[in-house]
2 protein chains.
Amino acid sequence: MINRLGKYTVEFGDAPSITGYGSVAGKKEYEGLLSDRFDKIFFDPRAGQKTFEKAEILFQQEALTAALGRANKKAEDIDFVFAGDLLNQCISSSYGMKEFRAPYLGQYGACSTMVQTLFLAALTVSSGASSLSAAVTSSHFCTAERQYRMPLEYGGQRTTTAQWTVTGSGACLIEKVDKGPKIAKATIGKITDLGIKDANNMGAAMAPAAADTIMNYLDDTHTRPSDYDLILTGDLGVVGSECLYKILEREGIDIIGRHNDCGLMIYGEGQDVHSGGSGCGCSAAVLCSTILPDMISGKYSNILFIATGALMSPLSSQQGNSIPAIAHLVNIVC
Amino acid sequence: MINRLGKYTVEFGDAPSITGYGSVAGKKEYEGLLSDRFDKIFFDPRAGQKTFEKAEILFQQEALTAALGRANKKAEDIDFVFAGDLLNQCISSSYGMKEFRAPYLGQYGACSTMVQTLFLAALTVSSGASSLSAAVTSSHFCTAERQYRMPLEYGGQRTTTAQWTVTGSGACLIEKVDKGPKIAKATIGKITDLGIKDANNMGAAMAPAAADTIMNYLDDTHTRPSDYDLILTGDLGVVGSECLYKILEREGIDIIGRHNDCGLMIYGEGQDVHSGGSGCGCSAAVLCSTILPDMISGKYSNILFIATGALMSPLSSQQGNSIPAIAHLVNIVC
């Protein structure tokens, strides 16, 4: 039974459960704050492949394989896989998922993609369209730099507002059983564009989208930040988190005591990542390595997970456009 | 009520209806076989905008606006918009849809995207997650050439197997009412890769995916091609359609008398499009200009609409990868 709450929120009556999850990370992420929590670490940025892109493809495969193992399922049990990444034409996902031979729907929400895939996987399961759906995303510092910025060899200086694309992947499996963390509600975001054009300051571009979605969710559910153990944004980083606090404060909403950001959780001080981590592998790897296990162990029982995305391309920036941003939210309970 | 039929097919119990549809096309499409059937024609490839990309953004807006007009709805009535296109980071969709201020989920299925968006829009409505969902896609010859091939000014020779990217867009609105064409069933495809590496022969790369999805649907529903008025593929073109006939013939399935292809329906002889039209605006514009009105007027009452996509990128081709392909199917009844 799926209901709508208010204008923007969907409630899953029999909340579908996340029965499997898997995470993959690179060397820099291993050297960060979540070190030993990832299922698999690749110390080589090419992961033994010929290209960085083929490494990222492998990350998705390893993350989904780990999730299948945890859920005690096989690839052929999957009714739908929703996957996405940051690369042009989502090739990490299409090449990554093809060997699983499951019905595939490619998703593009930039760094918001993990929540987008979780929502659609939960929707298919909760509605009866699927018995087992997968949600998978990835990113890779080296593939993202190649595509969005400069050749690595160029050694360009980074601005202080810039974020560091996480090398990693996360995958979740969703089933209609009453076991473990459940996706109880979701609020899908509207595209927000306040005119920011600096592609090195995506936190500031994404913060208004996060604020809009959080406010819509709180309105629709008649709840307050203090009703949740954790309000976890995807990858606003230092700059974007500060912007989010300021926007919400003006609306009389204080999340500071409850808030954390995946982009701030993954790297430690001294790792030279400037404003924090980013990429749709960031929120995915943090969720699947740390947050879900912490929910199962009882540390958290009711969280809001909000992934934010900047929906520009290098071409749209070259053509002088501002950055449209979006944020999607899921309420996960355990 | 949503049920699964067999291994791959979803049946929508109270089939959601396509209550609005809109189509946009360019000059070459207007000069083709469907000439006066489009809602709006742009004779200027820039549509009065500064760039081809901004023109494509406008196409999506005009297509959705036409669909809203036909359904007698406003933008604020939309609970979810599923949109996609061929450009890097799906910018035609993110910039195109932002002004509608509706919850947005970006889709990437290359030329299969129109059926992908129709399936998800139908799923949200049928499950109760939405009262009104939109499905929108677009493509543009000039934006696609810039991104995937050569600068237009280069004037490169095209191979005979190459297809011509359609300049156009289509949009559908879906509601849970009993009125007009309905989405009754859907089969989501698996990624198929038989090793074809020639990005100028995408019809051949996509035909095995179309065959796989059609066979899965016929198996799951225990139906035969003769049960349908029309089996319409998205954009296999001349070469891909021939491949599809051959693959299905080996399995004892004959669709020739029932089959047509959007890529063959849109352009006339002498338009120098080689193997036919392509692009996710192709199947969208043909569906929304011609097929849906023909269903409403009684020409067709039960069709299979199968959009096919090639999921490579220029980078994946440069790195020597073969072309993964996919096909999604919806059964539309009226």
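User: Which two strands of chain B form a hairpin, and how many residues lie between them?

Analyst: In this predicted model, β1(B) and β2(B) form a hairpin with three residues between them. In the turn, G6(B) has a positive phi of about 60 degrees. β1 of chain B covers residues 2-5 and β2 of chain B covers residues 9-12. Four bridges join the two strands, which run antiparallel. As one pair to look up, N3(B) has E11(B) as its bridge partner in β2(B).

User: What is the phi of A47(B), and is A47(B) buried or exposed?

Analyst: Phi of A47(B) is near 50 degrees, again positive in a residue other than glycine. The residue is in the loop between β4 (40-42) and α2 (52-71) of chain B. The cut-off for burial is 20 or more other C-beta atoms within 10 Å. A47(B) has 20 such atoms within 10 Å and is therefore buried.

User: Next, helices. What span does helix α6 of chain A reach, and what is expected at 1.5 Å a residue?

Analyst: The span from first to last C-alpha can be set against the expected value. Helix α6 of chain A, residues 202-221, has 20 residues and reaches 29 Å, close to the 28 Å expected. α6(A) is mostly covered, with 16 of its 20 residues buried. Just after this helix, H222(A) takes a positive phi of about 50 degrees.

User: Where does α9(A) bend, and by about how many degrees?

Analyst: The bend is at L287(A), by about 45 degrees. Helix α9 of chain A takes in residues 280-296, 17 residues in total. From its first C-alpha to its last it reaches 23 Å, close to the 24 Å expected at 1.5 Å a residue. Span and bend are therefore to be read separately: the bend is the angle between axes fitted to the seven residues ending at a residue and the seven starting there. The helix is followed by G298(A), whose phi is positive, near 95 degrees.

User: Turning to sheets, which strands of chain B are joined to β14(B), and in which directions do they run?

Analyst: Bridges give both the partner and the direction. β11 of chain B (residues 230-233) and β14(B) are joined by four bridges and run parallel. T233(B) stands opposite I306(B) in β14(B). β15 of chain B (residues 325-333) is joined to β14(B) by nine bridges, and these two run antiparallel. In that pairing, I303(B) stands opposite I332(B). β14(B), residues 302-310, is mostly covered, with eight of its nine residues buried.

User: How many residues does the largest nonpolar core have, and which have the most contacts inside it?

Analyst: The largest nonpolar core has 236 residues, and V81(A), F305(A), V81(B) and F305(B) have the most contacts inside it. Leaving out residues up to four places away in sequence, F305(B) touches V115(B), L232(B), L287(B), L329(B), V330(B) and I332(B).

User: What does C334(B) touch, and where is C334(B) found?

Analyst: C334(B) is found in the segment after β15 of chain B. Its contacts beyond four places in sequence are G180(B), P181(B), K182(B), M295(B), I296(B) and S301(B). The C-alpha atoms of C334(B) and I296(B) are separated by 6.9 Å, though these residues are 38 apart along the chain. C334(B) is buried, with 21 other C-beta atoms within 10 Å.

User: Which residues does T124(A) touch?

Analyst: T124(A), in helix α4 of chain A, touches L123(B) as well as D79(A), F80(A), A129(A), S130(A) and S133(A), residues up to four places away in sequence not being counted. With 27 C-beta neighbours inside 10 Å, T124(A) counts as buried.

Terms used: Residues are numbered from 1 along each chain as its sequence is written. Chains are lettered from A and ligands numbered from 1 in the order in which they are written. This is a predicted model: local features need pLDDT of at least 70, side-chain atom pairs count only at pLDDT 80 or more; totals for chains, interfaces and linings use all residues. The expected span of a helix is 1.5 Å times one less than its number of residues. A residue is buried if 20 or more other C-beta atoms lie within 10 Å of its own, exposed if 12 or fewer, and partly exposed in between; C-beta atoms are placed from the backbone. Two strands pair if DSSP finds at least two bridges between them. A nonpolar core is a set of buried Ala, Val, Leu, Ile, Met, Phe, Trp, Tyr and Cys residues joined through C-beta atoms within 7 Å. Two residues are in contact if their C-beta atoms, placed from the backbone, lie within 7 Å.
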